[in-house]
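Biologist: Please walk me through this model. I want cores, contacts and pockets.

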Amino acid sequence: MESRQHLELKRAAAGWLRSTGWVAVADEVTLPAGGFRVDVAGWTDRRLDAWGGLHRATSRTCVVECKASRADFARDGGHAAALLGRRARLVEMLDRFGFRPGQARKLPVGERTLFDVRESHLEARHGPVRRLRLELLAIDRRLHGSHKFAKMVWWNLADLLWIAAPMGLVKQRDLPRGWGLLERGGDG
């Protein structure tokens, strides 16, 4: 059963997406790739300018995962410091190979959707990258209670990935690679 705070976060995230120009917004969306259900998903082909005007732009998709408690966000807090250290070293090694999880892959317009599952050519050709990637996936699973965050990045399921949480609950350094943070203050 969802907590009242989690429901409020979902409503706030959906409202924020609509107010910033996302054309289609829904909650509890099941993605066919991986069978993940996300708290809020959005699609737009508009961009908001500095004066609040909407203009046509390349279509984009986003996913927002809402976390109302620290326990919901990080399930293995006892080993978090060691896991975060190893994770940082793995990310550094992947960077040396030129693979950056969470970095948008350039696909021709019209070939990218929320439900595409694509593997980079670099991953397919380099065994060491695959091994590092799998270890990073295992660490993210332990840190965040599942592999959902990491798989959405690696499968490039959306252009933007955000975690919505109450102010101060999640630190920037604790975010899964490729995810941004939306914080909700006491006044909304």
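What follows is a short exchange on those topics.

Modeller: This is a predicted model, with local features needing pLDDT of at least 70, side-chain atom pairs counting only at pLDDT 80 or more, and totals for chains, interfaces and linings using all residues. Residues are numbered from 1 along each chain as its sequence is written, and side-chain values use heavy atoms, without hydrogens and water.

Biologist: Which residues touch the most other members of the largest nonpolar core?

Modeller: A nonpolar core joins buried (under 20% relative accessible area, 1.4 Å probe, protein chains only) Ala, Val, Leu, Ile, Met, Phe, Trp, Tyr and Cys residues through side-chain atoms within 4.5 Å. The largest has 20 residues. Those touching the most other members are Val38, Val63, Met152, Leu161 and Trp179.

Biologist: Which residues does Arg47 contact, leaving aside neighbours within four places in sequence?

Modeller: Contact means heavy atoms within 4.5 Å. The C-alpha atoms of Arg47 and Thr58 are 8.6 Å apart. The contacts of Arg47 are Gly53, Leu54, His55 and Ala57.

Biologist: How many charged residues are in the lining of the second largest pocket?

Modeller: Its lining has 11 residues, with Glu2, His6, Glu28, Arg37 and Asp39 nearest the centre. Charged covers Asp, Glu, Lys and Arg. One lining residue is nonpolar and one polar, and the charged ones number nine.

Notes:
Buried means under 20% relative accessible area, exposed over 50%, partly exposed in between (1.4 Å probe, protein chains only). On a 1 Å grid over the protein atoms alone, a cavity is a set of points where a 1.4 Å probe fits but cannot get out, and a pocket is an open set with protein on both sides within 12 Å along at least five of seven lines; lining residues have an atom within 4 Å of a point.
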